[in-house]
Amino acid sequence: MSFPVTRPRRMRRTEALRRLVRETTLLPSQLVAPLFVCHGANVRRAIGSMPGHAQLSVDEAVREAEMLASRGVGGVILFGIPAKKDPEGHEGYDPDGIVPRALRALKQAVPDLLLWADVCMCEYTDHGHCGVLAGDEVDNDRTLPLLARAAVVYAQAGADIVAPSDMMDGRVGAIRGALDKAGLAATPIVSYAAKYASAFYGPFREAAESAPQFGDRRGYQMDPANVREALREVRLDVEEGADIVMVKPALPYLDVIRAVAESFDRPVAAYNVSGEYAMVKAAAAKGWVDEDRMMREILTSIRRAGADVILTYHAKDFARKAS
Ligand code: PBG
C-alpha cells in the first residue's frame with residue numbers, strides 16, 4: 001500500500017510517537033569517560049584542545065569520578081602522565097606509578113564505577129612510541145612482556161578491565177596469559193582491535209603528552225583505507241581471548257563498526273576520539289552548530305552502527321543532560 005494510505009509522517013508527529021518507535025537507545029551506562037591522571041595534589045590542568053577536560057591529580061580524579069558515577073556513567077578509562085619518561089617506559093608498569101595509584105584511590109572512593117586501564121607505552125616512553133625500540137622501529141616481541149606486566153600491575157591495583165591500545169601483534173594473548181598466571185583470570189580484556197593511524201588523535205596527544213618524537217604510528221596502527229584487514233585484526237584478538245573488541249576512531253569508521261558487529265559474537269566498543277570531540281567543541285564555540293544536538297546525533301550514530309559501548313569525552317555532558 002502506498003500514498004495516500006501510507007504516510008510515514010504519521011509516526012513522527014509527536015515526541016511520544018517518535019519515542020515509541022525509536023530503534024536505538026543511548027544511555028549514560030553505555031558510555032565510558034576518559035580521564036588523564038597526573039602526579040601532585042589539587043592539580044586540574046586544562047587541556048586547550050579539549051574544553052571540559054583536564055589533566056587531574058589523583059584527588060581531583062576521584063572527585064571527577066564521583067560526579068560521573070552519580071550521573072550514571074558506565075565507567076572511566078585511565079591514561080597516565082608519568083613523572084619521568086624513559087626509553088623503556090618504566091613508569092607504565094611500576095606498581096607505584098601514576099595509574100596504579102589512581103586505581104587504588106578510585107576503587108576505594110567509587111567501588112561501583114567500572115575502572116578501565118588503558119595499556120600502552122606511548123605516555124611513558126621518551127620517544128613517544130607505543131613500544132620499545134630496535135633502531136627506529138618498534139620491537140613487537142620485546143614489547144609484549146612489558147605490556148603484559150603493565151596489565152597485571154593495573155589489575156592488581158584495582159582495574160576491572162584492561163584495554164591494550166598499542167597495536168602490537170600477539171599482545172592480547174600475552175596479556176591473557178600473564179593475567180591468568182597471576183591469578184587474575186576474572187579480569188576482562190577490551191582490545192583496541194581495529195585501531196587506525198588517525199589524524200583524529202591530535203588533541204589526545206596534547207592531553208597525554210604522548211606524541212611520537214620522530215616518525216609516526218603507521219608501522220603498527222592500521223591504514224584508514226582498510227576494512228577487510230579490520231575483520232582480520234578482530235578475529236585474531238578474539239582468538240587470543242579478547243572479551244570486548246574495539247574500533248577506533250568511531251565517526252570516520254562507522255562502516256567498520258557495523259562490519260565488526262555483524263561478523264563477531266562479541267560486544268563491540270567504539271572510541272569517539274579526541275579529534276571528533278574537539279571538532280564539535282570548536283564549531284560550537286564559534287556558534288556554528290548546536291552542540292547538544294550534535295553530540296546526541298553523533299553518539300546515536302555510533303550506537304546505530306553497532307557499538308554496544310562508547311568511549312567518549314562527551315560522557316559527562318551527555319549524562320548531565322540525560323538525567
Ligand atoms: C595510546 C592511545 C591513543 C589514544 C588512545 N590510546 C593515542 C595514539 O594512539 O596516538 C587516542 C585517543 C583519542 O584521541 O582520544 N596509544
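## A walk through the model

Start by selecting helix α3, residues 98-109: its 12 residues reach 17 Å from the first C-alpha to the last, close to the 16 Å expected at 1.5 Å a residue. Keep in mind that you are looking at a predicted model.

Stay on α3 and colour its buried residues, which are Ile98, Val99, Pro100, Ala102, Leu103 and Leu106. What do these buried residues pack against? Show β1 (31-38), α2 (58-70), β4 (75-81), β5 (114-119) and α4 (140-157), and you have their partners.

β5 and β8 pair in the parallel sense, over 4 bridges. To see where they line up, pick Ala117, which stands opposite Val162 in β8.

Move on to helix α9, residues 274-285. Its 12 residues should span 16 Å at 1.5 Å a residue, and its end C-alpha atoms are 16 Å apart, so the two values agree. How many of its residues are buried? The count is 9 of 12, so α9 is mostly covered; among them are Tyr277, Val280 and Lys281. Just after α9, click Gly287, which takes a positive phi of about 75°.

Finish at the surface. Select Met11, Leu20 and Val21, a nonpolar patch with about 290 Å² of accessible area together. Met11 lies in the segment before α1 (15-20), and Met11 counts as partly exposed because its relative accessibility is 35%.

Note on methods: Residues numbered from 1 in each chain as written. Predicted model: local features only at pLDDT ≥ 70, side-chain atom pairs only at ≥ 80, totals over all residues. Heavy atoms only, no water. Patch = residues over 30% accessible without salt bridge, like charges linked within 9 Å, V, L, I, M, F, W, Y side chains within 5 Å. Areas by Shrake-Rupley, 256 points an atom, 1.4 Å probe, with all protein chains shown as cover. Salt bridge = Lys/Arg side-chain N within 4 Å of Asp/Glu carboxyl O. Helix = DSSP H or I, 4+ residues; strand = E, 2+ residues; numbered from the N terminus. Buried < 20%, exposed > 50% of the residue type's maximum accessible area, 1.4 Å probe, protein only. Expected span 1.5 Å × (residues − 1). Contact = heavy atoms within 4.5 Å. Pairing = 2+ DSSP bridges.
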